[in-house]
Amino acid sequence: MNYVLASTVGAVGMAIFVTFMRMKAAKKPASAKKIILPPIFMSTGALMFIFPMFRVNSLQIIEALTVGMLFSILLIKTSKFEVRGREIFLKRSKAFAFILIGLLIVRVIAKLVLSSSFDVGELGGMFWILAFGMIVPWRVAMYLQFKKLHNELNSSTHVN
């Protein structure tokens, strides 16, 4: 139970960190690099599956990915870009913070409920897959939206 509590506190800390980073990022122009790098950095977490205690079966992978992808829809809906001057910025969304907190609450409750049925390592692996399944579609959608705006911005510059 101590591992579950520690990982829950870690998840809350990360959610607070992401919320503040998102608010700070909205003040600076967006870039493809800033959109693409977080999932790449997170992918290093897959190294946990080298260790047998973190491995999950095929059904658990599918379940975790499906839940993550469903959660990503909320993030995709609240992540929009806007052009200010000649640069692209991420729009600030009041709903984003509430959605992030809501997703965190759902994850914490699920972790507490599932911790009695799954080994802590297995549960950690499942929640990493869930998070990765959430961030990748979200960032892909952000990248596509960014590129579309970037191309529109560049084509309007060449017309003038």
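**The cavity and its lining**

Guide: The structure holds one cavity of 30 Å³ or more. On a 1 Å grid over the protein atoms alone, a cavity is a set of points where a 1.4 Å probe fits but cannot get out. Grid points are joined across faces, edges and corners, and a volume is the space filled by probe spheres set on the points. This is a predicted model: local features need pLDDT of at least 70, side-chain atom pairs count only at pLDDT 80 or more, and totals for chains, interfaces and linings use all residues. Residues are numbered from 1 along each chain as its sequence is written, and side-chain values use heavy atoms, with hydrogens and water left out.

The largest cavity has a volume of about 40 Å³. Its lining residues (an atom within 4 Å of a point) are Ser7, Thr8, Ala11, Leu104, Arg107, Val108, Lys111 and Phe127.

Now the elements. Helices are DSSP runs of H or I, at least four residues, numbered from the N terminus. Helix H1 (2–25) and H4 each supply at least two residues of this lining. H4 gives the most, with four residues.

The lining of the largest cavity divides into four nonpolar, two polar and two charged residues. Here Ala, Val, Leu, Ile, Met, Phe, Trp, Tyr, Cys and Pro count as nonpolar; Asp, Glu, Lys and Arg count as charged; the others, Gly among them, count as polar.

Key. On a 1 Å grid over the protein atoms alone, a cavity is a set of points where a 1.4 Å probe fits but cannot get out, and a pocket is an open set with protein on both sides within 12 Å along at least five of seven lines; lining residues have an atom within 4 Å of a point.
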